[in-house]
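Colleague: Could you walk me through this model before I start on it? I would like the overall picture and then a few individual residues.

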Amino acid sequence: MHTFEQLTELFGKYFSAQQLPTLPKNLYDPCRYFLQLGGKRIRPVFCLMGNELFGYIHEDAYKVGTAIELFHNFTLIHDDIMDEAELRRGKPTVHTKYGNTAALLSGDVMMIKAYQYLENIQTEYLKNILLLFNKTAVEVCEGQQLDMDYAQDNRIDLYEYIKMIELKTSVLLAASLEMGAIIGGASEGSSKHLYAFGKNLGIAFQIQDDYLDAFGEAAKFGKEIGGDIKQNKKTALLIRALEVATDAQRLKLNNALNNNADNKVETVIELFRECGVPEWAKALKEEYLNKAMYHLEEVAVQSTRKKHLKDIAAFLIQRDY
């Protein structure tokens, strides 16, 4: 069994060896630029871990992992355009560096390349992989649209928000694990428990991401602090603050969100602190982590084989970047 770090290195070597065409430069240079920014590679490594939980890692897990990583990066490039974000992983976003047209096309071709990797896996599980991949791709798009919609709607409650991040973030983590399990020959019951583990872990992961956007350090986080606040995104933190704030605090919070003053981020973060939001977010994150660990325990393999998944789950919800 490999650790997450070992599999990250193995996948990194495989992924970096995959070559994009040279021409046209204005299409593929932005792709190369973005992919070379790195990232945590959590999703493709989860595919490898899902496979190894049930046996030796099959070469097809690397192909599926590559498809997952290309799809994920496609969504990030397009998300950055929609969010008008200037930084990604501490570097200029693709649309900032190359323009919106190049960013859109580069994202599109990454998506198509993802399917080209899926074309080459064994036929015995190709249908199930494609069904899950396509279902997940649609759900991620639905989640992104809800995220954009919610920015303009002050009536969003926590349940609606959790459903949105489940679609936008969690289902891809969950599907990565299940696709690896399918390749590893897992039973349907174990595959579904592993999916539920990934889904709940993904929700905890996003809550931690929300927390870091307001209370992290820009140098470690790789993005400017308060990016969600600037975009008036309905994160778990904002929903909670609006729910528990006094009338005076709610008025001040809404004024800050609507006026876009230079001190908007600082004002909102201070109101979050007054409303006890940081402590609440940490508790909510732990709640979803506990749900995830329950489902991991239900997967029908020896407990010792689950150690590395337990370790990475603990790390992901305690990270500061």
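**Overall fold and selected residues**

Modeller: Of the 321 residues of the chain, 55% count as buried. Please keep in mind that this is a predicted model.

Colleague: OK, and how many helices and strands are there in the chain?

Modeller: The chain holds 16 helices and 2 strands. Its radius of gyration is 20 Å, close to the 20 Å that the globule rule gives for 321 residues, so the chain is as compact as a globular protein of that length.

Colleague: What box do the C-alpha atoms fill?

Modeller: Taken along the principal axes, the box is roughly 60 × 50 × 30 Å. The accessible surface of the chain comes to about 14,700 Å², and 50% of that surface belongs to carbon and sulfur atoms.

Colleague: And of the contacts between residues at least 6 apart in sequence, what percentage join residues at least 24 apart?

Modeller: That share is 75%.

Colleague: Let's go to backbone geometry. Which peptide bond is cis, with omega near -5 degrees?

Modeller: That is the bond from L23 to P24, and P24 lies in the loop between α1 (4-17) and α2 (25-35). As background, most peptide bonds are trans, and most residues other than glycine have a negative phi.

Colleague: Is R89 buried or partly exposed?

Modeller: R89 counts as partly exposed, because its relative accessibility is 24% and the cut-off for buried is under 20%.

Colleague: What about phi at N260?

Modeller: N260 has a positive phi of about 55 degrees, and N260 is not a glycine either. N260 sits in the loop between α13 (247-259) and α14, and its side chain makes a polar contact with the side chain of K264, at 2.6 Å.

Colleague: Where is K264 found, then?

Modeller: K264 belongs to helix α14, which covers residues 264-274. Leaving out residues up to four places away in sequence, K264 touches I229, K230, N232, A256 and L257.

Colleague: Changing topic, where is S106, and is it buried or exposed?

Modeller: S106 is in helix α6, residues 100-118, and it counts as buried because its relative accessibility is 0%.

Colleague: What is S106 in contact with, beyond its neighbours within four places in sequence?

Modeller: Those contacts are with L27, P30 and C31. The C-alpha atoms of S106 and R32 are separated by 9.4 Å, while the two residues are 74 residues apart along the chain.

Colleague: Last one: which residues does H308 touch, again not counting those up to four places away?

Modeller: H308 touches M1, H2, T3 and M49. H308 itself is placed in helix α16, residues 307-316, and it is buried, since its relative accessible area of 17% falls under the 20% cut-off.

Conventions:
Residues are numbered from 1 along each chain as its sequence is written. This is a predicted model: local features need pLDDT of at least 70, side-chain atom pairs count only at pLDDT 80 or more; totals for chains, interfaces and linings use all residues. Side-chain values use heavy atoms; hydrogens and water are left out. Helices (H or I, at least four residues) and strands (E, at least two) are DSSP runs, numbered from the N terminus. Buried means under 20% relative accessible area, exposed over 50%, partly exposed in between (1.4 Å probe, protein chains only). Contact means heavy atoms within 4.5 Å. A polar contact is a pair of N or O atoms within 3.5 Å; within protein, one must be able to donate a hydrogen and the other to accept it, and residues adjacent in sequence count only if both atoms are side-chain atoms. The radius of gyration is taken over C-alpha atoms; the globule rule is 2.2 Å times the number of residues to the power 0.38. Accessible areas come from the Shrake-Rupley method with a 1.4 Å probe; for residues, only the protein chains shown count as cover.
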